[in-house]
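Hi,

Here is the structure I promised to send over.

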Amino acid sequence: NTMLEAELSKNDIKPRLLGHWGTCPGLTLVYSHLNLLIRKNDLDMFLITGPGHGAPAILACLALEDSLSPFYPDLTRTKEGFGKLIAGFSTPKGFPSHVSAGVPGSIHEGGELGYALGVAFGAVMDNPNLIVACIVGDGEAETGPTATAWHSYKYIDPAESGAVLPILHANGFKISEKTIFGTMDDKEIVALFSGYGYQCCIVSDLGNLDHQLAAALQWALAEIRTIQNAARSGKPIVKPRWPMIVLRTPKGYSGPKFLDGKPIEGNYRAHQVPLASPTSVPEQFKLLKEWLESYKSWEIFSPNSQLLELIDQYLIPPDPCKRMGQRKETYDTHYLVDLPDWNNLAVEKGDDASETKCAGAFIRDIFKKYNQRLSHHFLMLMLSFIGILLRLGYGPQTS
């Protein structure tokens with residue numbers, strides 16, 4: 001009964017409930033608007049989800065844009081495919097509760113907080129047409145790696161690399177209390193990130209959230225293009241101020257509001273499973289039933305429904321390669337390095353030879369083999385690799 005075509009019963013509920021709800025509304029909101037931005041501007045873009053414990057949001061968006069079926073043929077954008085996805089979530093036969101390596105479009109493990117922003121900046125290096133949006137949760141933003149990673153734009157040359165669009169999702173709470181960023185007002189937020197070197201746009205008008213976020217993303221794209229176009233025309237902006245967005249929404253927005261007189265929405269209690277005992281506590285079952293039925297999920301695949309048609313017509317990029325779950329940068333970039341045979345450069349035991357000259361000859365052969373396709377990052381990797389081999393006693397032998 002995954003689409004609630006029949007009235008919800010306690011037998012429909014899994015015996016063990018796993019997952020994190022609090023971050024999911026914000027992730028769904030951002031993912032949807034990024035799809036709109038891609039479609040309107042024909043962008044090469046994908047998303048890195050720092051609060052990857054919100055896997056239900058990402059998986060739902062991937063299912064709606066039909067980015068699961070190319071990798072998992074049984075997870076089609078049909079009632080049957082959705083049923084398998086929902087029934088299998090957080091079970092041994094399905095996706096885990098965190099965005100993991102097996103989730104299409106993912107290049108980092110979303111449960112280990114702190115590394116999303118650094119990974120995003122690494123992804124755009126030497127990819128001049130790529131924009132990586134990176135959602136940073138305000139709990140993750142308290143970690144040391146994230147605090148350092150805000151400076152990573154200083155390593156980006158806009159003439160030859162892409163851009164990162166950081167989106168700080170400030171929903172105010174982490175697993176058990178307020179976040180540091182949740183205690184900061186807008187002036188403090190702007191002052192902090194201006195000091196880091198960013199232009200900061202705050203999205204917080206809940207009554208006008210969609211329009212405000214859409215406008216903020218279009219503004220951010222225009223700022224990125226201004227910086228890149230200046231650098232690529234030979235007139236780079238000195239110390240460009242890259243854009244970032246701060247999204248303020250209540251934690252668990254649109255979910256259950258109160259339980260036992262205590263707040264859930266806009267509180268740390270929304271972080272994980274807000275209704276943890278619905279099969280044994282009647283009040284929780286009542287709230288869960290009202291919550292799930294409010295989505296009217298049974299209408300998605302009804303004969304008269306136009307929901308999927310409208311999503312395809314106005315939101316989803318028509319070219320599958322442009323969809324964030326099917327970007328080749330996220331799954332098709334690994335290849336084995338085909339190095340020249342170093343045995344051809346070996347010397348006889350007992351002979352004198354220069355390590356530097358032998359290593360230089362090896363590097364020369366690499367350049368001959370790869371010609372112009374060899375990037376400077378790859379060269380630095382090879383130099384490091386050769387240095388390690390020489391220290392370990394491998395490669396062309398010396399006396």
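Of the contacts in the chain (heavy atoms within 4.5 Å) with a separation of 6 or more, 73% are between residues 24 or more positions apart. Bear in mind that this is a predicted model, where local features need pLDDT of at least 70 and side-chain atom pairs count only at pLDDT 80 or more, while totals for chains, interfaces and linings use all residues. Residues are numbered from 1 along each chain as its sequence is written, and side-chain values use heavy atoms, with hydrogens and water left out.

On the overall picture: the chain has 11 helices and seven strands (DSSP runs, H or I of at least four residues for helices, E of at least two for strands, numbered from the N terminus). Its C-alpha atoms fill a box of roughly 85 × 45 × 40 Å along the principal axes. Of the 399 residues, 45% are buried (under 20% relative accessible area, 1.4 Å probe, protein chains only).

The axes of α1 (residues 24-41) and α2 (residues 55-64) come within 8 Å and cross at roughly 30° (lines fitted to C-alpha atoms over the stretch in contact, with angles from 0 to 180 degrees between N-to-C directions). The two helices are therefore roughly parallel to each other (angles under 35 degrees). Who meets whom? On the α1 side there are Cys 24, Leu 27, Thr 28 and Tyr 31, and on the α2 side Pro 56, Ala 57, Ile 58, Cys 61 and Leu 62. By class, that contact has eight nonpolar residues, one polar and no charged (Ala, Val, Leu, Ile, Met, Phe, Trp, Tyr, Cys and Pro count as nonpolar, Asp, Glu, Lys and Arg as charged, the others, Gly among them, as polar).

Cheers

Technical notes: Angles under 35 degrees count as roughly parallel, over 145 as roughly antiparallel, 65 to 115 as roughly perpendicular and the rest as oblique. Buried means under 20% relative accessible area, exposed over 50%, partly exposed in between (1.4 Å probe, protein chains only).
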